[in-house]
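Open the model in your viewer and keep the selection tool at hand. The tour below goes from one selection to the next.

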Amino acid sequence: MNRLPIDILQKYWGYTRFRPLQEEIINSILEGNDTLGLLPTGGGKSITFQVPTMVSDGLAVVITPIISLMKDQVDGLIARGIKATYLHSGLTFAESRHVIDKCLYGHCKFLYISPERLKSDRFIDSLRLMKVSLIVVDEAHCISQWGYDFRPSFLQIAKIRDIFPSVPILALTASATPEVVEDIMKCLKFRDGKLFSKSFERNNLSYVVRKCEDKKSQLIKILQSVAGCGIVYVRSRKKAREIALELKNTGIPADFYHAGLSSEEKNDKQNKWIANQFRIMVATNAFGMGIDKPDVRIVIHADVPSCIEEYYQEAGRAGRDGNPSYVVLLCNNNDKSVLKKRISDAFPSREYIRLVYEYLGNFLDLALGDGENCTYEFNFNLFCKQNKFPVLPTFSALKLLSQAGYIEFIEEIETMSRVMITVDKEDLYNIDGDDEITDQVLRAILRTYTGLFADYVYIDEALISYRFHIKQEDIYQSLLRLNRKHILHYIPRRRTPYITYYSRRELPKYIQIPISVYEDRKRIVENRVNAMLNYTFAEKGCRENIILEYFGESPDMPCGRCDICRTEKSRRRSEENIDKLHDSIMYMLSKRPRTINEIVETLPYQKDVVMAHIRMLIGEGVIRLENLSLILN
């Protein structure tokens, strides 16, 4: 170890100091400790493993379930001149082999993998030969049975501890209850692990709940009264489009974002929002991971989230610059039944789960006894349509089958087009093109991208089309021709979910969903929903304190900023004013009888407030009205 962490931070990231807890976590890792970092959204989790890896010799294996974030982080590291790569189910066998070879020969500092990769014996055998200096588990709450997003594939991570018993593990998450924290350390076989936890308190955020029947009108009213950019979270893609259009029609610059958009559309919308080309992003929960826009002034939830963990993470995208910001939740009584229905949708009957398992095998044309350790592309929407299955219970059935260990359902993975030139540079220039457009496409790629002779490089056909005025269809056909001639290897972009069978296909009657997966998980989900409802419909206490107590903290006093605290402040001020009004009336009447008009015109209070208090004093017999004057009894 010949470089200091602060030197690495400044050289590659340009920062002169660490954020709170980052340096403590880094030092713990460099001392060889298993470490759990509990850092709220925007706390700079990635720095805590990227810096110590650059300080140390060897490779960091980063396990994360979010493939889009995996790709973004690798791209970010490469842009800083750091060698990084990743493996996921969307790569071909040749690409995966190429990635593993780079890691084996020490040509990489960071290897990002999905947890499913650890089920591959071939990968585990390769991993044993790598010089690993750090194991990182991102979104670590997913390993806990008590976590709000439990994923059985995360349980495979314990294998790495057995392979590298002396290599430190860093587990990171933005939100975890004390029960989940304990379970994470247990599942990852921590050796006297260190816990670094930042308080969940965000003293620049004001949590507000607005009860309203017409959410769209309330949403527009709020956005018209609060300046600055913001995010509006909704539960469906259709709703994201509709609300964005309605906001634009009322003069509020807005756009929408959801998982169904192409990579180009996502990047374009995200970049325009970050650059303040429009003010409000209306989005599903697909938006926000890895986005560090500090000046978000308001986050509004038009639909009630399923749990406090999800709500807190999305709320945390407001006010990262430390300036006052608002987190608003819109609700009405209908939301209670909506949240309860999410529980039934998340846990369809065991009979329905077996039915989905049976039809899945038929859909994939898989014979009984086949399929073990095989991965298949899977069109979820077509599967539901062909079999007339409702979407949400079917999605949940596949997830429960995953948690029971029969399959792994990997949601949509979008991979950009990739190219690697397979001939030598000298041979390339001696190739005679069979048409002018193909030559033009090849020249355009060589002018636009580097590293094509050594590795697969992501290309953007739309960008090439724009720069060189070539039709996208012509680019596609030209690359296919060059691929057939073995001049380059072209892997067109694709977007699809995957199903992996981890055991051979069985008859439905043999499919058993354990109590730990069904009843226990259902009870956990019910508790989370009830906690979210308690937060949403609370009328006493303090919103932020409800959140802090949920995460195991013991706040000393109310936040003073949420809607409940502000209502309580207003009530106390009103009571204080009434007390002063009462004392003033009693003082005036102690000197002599007064007419009602004399009291109203003398005291600095609204007439109706003074009259109401006078009527109350008369009713209680404290004063009386005699000959048009008020007199003390």
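Select helices α21 (residues 519-537) and α22 (residues 543-550), whose axes come within 9 Å and cross at roughly 160 degrees. The two are therefore roughly antiparallel to each other, a label for angles over 145 degrees. Axes here are lines fitted to C-alpha atoms, for helices over the stretch in contact, and angles run from 0 to 180 degrees between N-to-C directions. Helices (H or I, at least four residues) and strands (E, at least two) are DSSP runs, numbered from the N terminus.

Now show the side chains: R528, A531, N534, Y535 and T536 of α21 meet R543, I546, I547 and Y550 of α22. Contact means heavy atoms within 4.5 Å.

The model is predicted, with local features needing pLDDT of at least 70 and side-chain atom pairs counting only at pLDDT 80 or more, while totals for chains, interfaces and linings use all residues. Residues are numbered from 1 along each chain as its sequence is written, and side-chain values use heavy atoms, leaving out hydrogens and water.

Next, select the strands. An open sheet of 7 strands has the order β3-β4-β2-β5-β6-β1-β7, with parallel pairing; two strands pair if DSSP finds at least two bridges between them. At the edges are β3 (84-87) and β7 (194-197), each pairing on one side only. From one strand to the next, the twist averages 20 degrees.

Within the sheet, pick β5 (residues 132-137) and β6 (residues 169-173), which run parallel and are joined by 3 bridges. V137 has A171 in β6 as its bridge partner.

Last, select helix α5 (residues 93-104), which lies across β2 (59-63), β3 and β4 (110-113) and runs at about 135 degrees to β3.

Key. Angles under 35 degrees count as roughly parallel, over 145 as roughly antiparallel, 65 to 115 as roughly perpendicular and the rest as oblique.
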